[in-house]
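Open the model in your viewer and keep the selection tool ready.

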Amino acid sequence: MEEESSTLIRRRTSLPATTVMMVVLLLLLCCNCGVEVVVAAADESSPAPVGKGGSDHGSWPGGDGDGEGHRKQLWVFGDSYADTGNLGNLGRELTHAWYYPYGITFPRHPTGRFSDGRVLTDFVASAVGIATPVAYKLRRRGGHGGEVASRGMNFAVGGSGVLDTGYFQRNISSQIDLFQKQLRGCGPTGVALVVVSGNDYSAVVDKNNATSEAAIAYIPTVVRGLREQLRRLRDEVGMKKVVVTNLHPMGCTPYFTRLLNYSGCDTLANAGSDQHNAALRSVLHDLDPANTTFLLLDLHTPFLNLITAAADDKFPVRLRPCCETFTADGHCGQEDEAGNKQYTVCDDPERHFYWDDVHPTQAAWAAVAQAFTPAIHRFLST
């Protein structure tokens, strides 16, 4: 296309070569509307789709491929459940996802993912039929240019929330701001994924040295904020397809189950997850009664089913993390001043549902994805 455009311009004008090239570049930018022309690594940190996969462009599963709304691009907003490398490496204590033992299953070294391997974004991308979109922070690495960015971009960053969490990370509103800058005033294509995993509630408890009751009282504020960002993606940004996760059963994470000697889930924290999810369902019904723009991606049900199923041997260890710290206030990968490990790592992460105090293992995400992938296919085929 570059040669055809350049030849056409040369035949019809007598512009200098530099001017011709500028015009061609503008044409290419218009053709790649919605994508910042950058360089990014298409390597093992951006895994290809699981299964048959697909090309960087094309129709959604079941779609006819007509119209910009059916172009295969994934734009991700959220927190550590979705982050694939946006949290900068600020040292082991602050950003331990960049240090061993994170990434020991895939790709056998840390990539900034909060797991032993792949995370939610990787499996949603596979459901869409594309390789994982590049992380915003890593967009200038490698040598593949707009080819990689053309499948979308991941703006999610660990520690983020709907509102400001106090962890000094871009909240979802700021992530959408970055997205709009990448669009350069053009209309977006593809689908947005919005992931909210509970940092807003954790921040309230940490900030006020409070209890789960304080977090539950904060639910209306968080859901109102989330509603505004979802409305913004549709009405101001122009997204025609938006997938938003509900909240997993927070009381079943090792952060809570450790206090119960890993014998059960915290009922009050789980009640908070239920209230958040009920409020979110109401918000989506008000925003989109026909369920054509928004999909509520159910993580809660498969999480709970896999964790509590009486006869399920898929995850023999469900409430104790694979990477377990010596103390309740420690973290996976922690070392003392002498470099001694302050944690243990299990022999087989695939037997554990949780990797660390709050994040699932790659095997757990794969099992959860088996449950939600059909819903994504149905949603994107309409």
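Is the crossing of α8 and α10 right-handed or left-handed? It is right-handed (the near helix is turned clockwise from the far one by less than a right angle).

This is a predicted model, where local features need pLDDT of at least 70, side-chain atom pairs count only at pLDDT 80 or more, and totals for chains, interfaces and linings use all residues. Residues are numbered from 1 along each chain as its sequence is written, and side-chain values use heavy atoms, leaving out hydrogens and water.

**Stop 1: the helix pair.** Select residues 219-237 (α8) and 267-287 (α10). Their axes, lines fitted to C-alpha atoms over the stretch in contact, lie 10 Å apart at an angle of about 35°. Helices here are DSSP runs of H or I, at least four residues. Now show the contacts (heavy atoms within 4.5 Å). On α8, pick out Leu-226 and Leu-230, among others; on α10, residues including Ala-279 and Val-283.

**Stop 2: Arg-232.** Select Arg-232 and Asp-177. They form a salt bridge (Lys or Arg side-chain nitrogen within 4 Å of an Asp or Glu carboxyl oxygen), with the closest N and O atoms 2.3 Å apart. Arg-232 is in α8 and Asp-177 in α5, 55 residues apart. Arg-232 is buried at 8% relative accessibility (buried is under 20%, exposed over 50%, partly exposed in between, with a 1.4 Å probe and protein chains only). Asp-177 is partly exposed at 33%.

**Stop 3: Arg-231.** Select Glu-228 and Glu-236 with Arg-231. Glu-228 bridges to Arg-231 at 2.7 Å, and Glu-236 to Arg-231 at 2.6 Å. Shared partners join Glu-228, Arg-231, Arg-234, Asp-235 and Glu-236 into one network.

Notes:
Axes fitted to C-alpha atoms, helices over the stretch in contact; angles between N-to-C directions. Helix = DSSP H or I, 4+ residues; strand = E, 2+ residues; numbered from the N terminus.
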